[in-house]
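Subject: Handing over a structure

Hi,

Here is the structure I promised to pass on to you. Have a look at it first, and then read on for what turned up in it.

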Amino acid sequence: MPTSQPPPNLLVAALAYDQLCSFEFGCAIEVFGLPRPELGENWYRFVTCATEPGPLRAIGGFTIESPAGLDVLENAGTIVIPGWKGADVMPSQALIDALRTAYERGARLVTICSGVFVLAAAGLLDGHRVTTHWRYTDKLKSMYPHLDVDANVLYVDSGRILTSAGSAAGLDLCVHLVRRDFGPQIANQVARRLVIAPH
């Protein structure tokens, strides 16, 4: 569903948490957080949202800190959940409440790989078709049997809920979102810079 007009709220917030999935987080930064002067000023604004006090350990042996906390979700148009600590690790009630509030006011929620478990725990996936990494699809179905889990796609776009399969599929989903917001020509430019297939 490409549009000729980008959404009015171009603020993208990506969650950072202890045991952060580095590649998935990097996908969000690469698509939404990289300066793109060739596309003009009407582009995404990116912020990292710490879900807990830092410094936060990331996979790969480095740490990350962000001055922004969950309050930034109050203003974000798109919230990216780049993986999660584990399928059995429940998100905090503060994070659940912030995501529910953001969704109720109209924000888009995007998950990469295991990030889908956060939205499932928050009760935000009811009635939605979703996907995740093939290693986690059976677990997702068993924990949340009322979800429509599709293990055979790269990503699922349900409007304001978007979920992707494994890590690299997160790039496909993020570029898909660019296509929705700015059209295929801009999405192709972004994909070319990433050196990935445009669709």
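To begin with a term: a salt bridge here is a side-chain nitrogen of Lys or Arg within 4 Å of a carboxyl oxygen of Asp or Glu. By that rule, Asp-181 and Arg-108 form a salt bridge through their side chains, with 2.7 Å from N to O. The two come from distant parts of the chain, Asp-181 from helix H5 and Arg-108 from strand S6 (residues 108-112), 73 residues apart. Helices (H or I, at least four residues) and strands (E, at least two) are DSSP runs, numbered from the N terminus.

A word on the source before going further. This is a predicted model, in which local features need pLDDT of at least 70 and side-chain atom pairs count only at pLDDT 80 or more, while totals for chains, interfaces and linings use all residues. Residues are numbered from 1 along each chain as its sequence is written, and side-chain values use heavy atoms, with hydrogens and water left out.

**More on the salt bridges**

How many salt bridges does the structure hold? There are 7 salt bridges, including the one between Asp-181 and Arg-108. Both Asp-181 and Arg-108 are buried; buried means under 20% relative accessible area, exposed means over 50%, and partly exposed lies in between (1.4 Å probe, protein chains only).

Another salt bridge pairs Arg-180 with Asp-157, with 2.9 Å between the closest N and O atoms. Here too distant parts of the chain are linked: Arg-180 is in helix H5 and Asp-157 in strand S9 (residues 155-157), 23 residues apart. Arg-180 counts as buried at 11% relative accessibility, whereas Asp-157 is partly exposed at 24%.

Arg-193 and Glu-38 also form a salt bridge, and their closest N and O atoms are 3.2 Å apart. This pair spans 155 residues, from Arg-193 in helix H6 (residues 184-194) to Glu-38 in the loop between H1 and strand S2 (45-50). Arg-193 is partly exposed, with a relative accessible area of 41%, and Glu-38 is partly exposed at 46%.

**Helices H1 and H5**

Two packed helices are described by the angle between their axes and the distance between the axes. For helix H1 (residues 22-33) and helix H5 (residues 169-182), the axes come within 9 Å and cross at roughly 25°. H1 is therefore roughly parallel to H5. Axes are lines fitted to C-alpha atoms, for helices over the stretch in contact, and angles run from 0 to 180 degrees between N-to-C directions. Angles under 35 degrees count as roughly parallel, over 145 as roughly antiparallel, 65 to 115 as roughly perpendicular and the rest as oblique.

Which residues of the two helices meet? Cys-27, Val-31 and Phe-32 on the H1 side are in contact (heavy atoms within 4.5 Å) with Leu-171, Cys-174, Val-175, Leu-177 and Val-178 on the H5 side. The residues of this contact are 8 nonpolar, no polar and no charged. In that count, Ala, Val, Leu, Ile, Met, Phe, Trp, Tyr, Cys and Pro are nonpolar, Asp, Glu, Lys and Arg are charged, and the others, Gly among them, are polar.

**Some buried residues**

His-176 is in helix H5 and counts as buried at 11% relative accessibility. Leaving out neighbours within four places in sequence, His-176 touches Tyr-155, Asp-157 and Leu-162. Asp-157 is also the salt-bridge partner of Arg-180.

His-133 sits in the loop between strand S7 (129-130) and helix H4 (137-143), and is buried at 16%. Not counting residues up to four places away in sequence, His-133 is in contact with Cys-113, Ser-164, Ala-165, Gly-166 and Ser-167.

Ala-76 lies in the loop between strand S4 (62-64) and strand S5 (78-82), and its relative accessible area is 0%, so it is buried.

**Backbone details**

Most residues other than glycine have a negative phi, and most peptide bonds are trans. A cis peptide bond joins Gly-54 and Pro-55, with omega about 0°; Pro-55 is in the loop between S2 and strand S3 (56-58). Gln-19 has a positive phi near 70° and belongs to the loop between strand S1 (11-16) and H1. Val-195, in the segment after H6, has a positive phi of about 60° and is exposed at 72%.

Enjoy exploring it!

Best wishes
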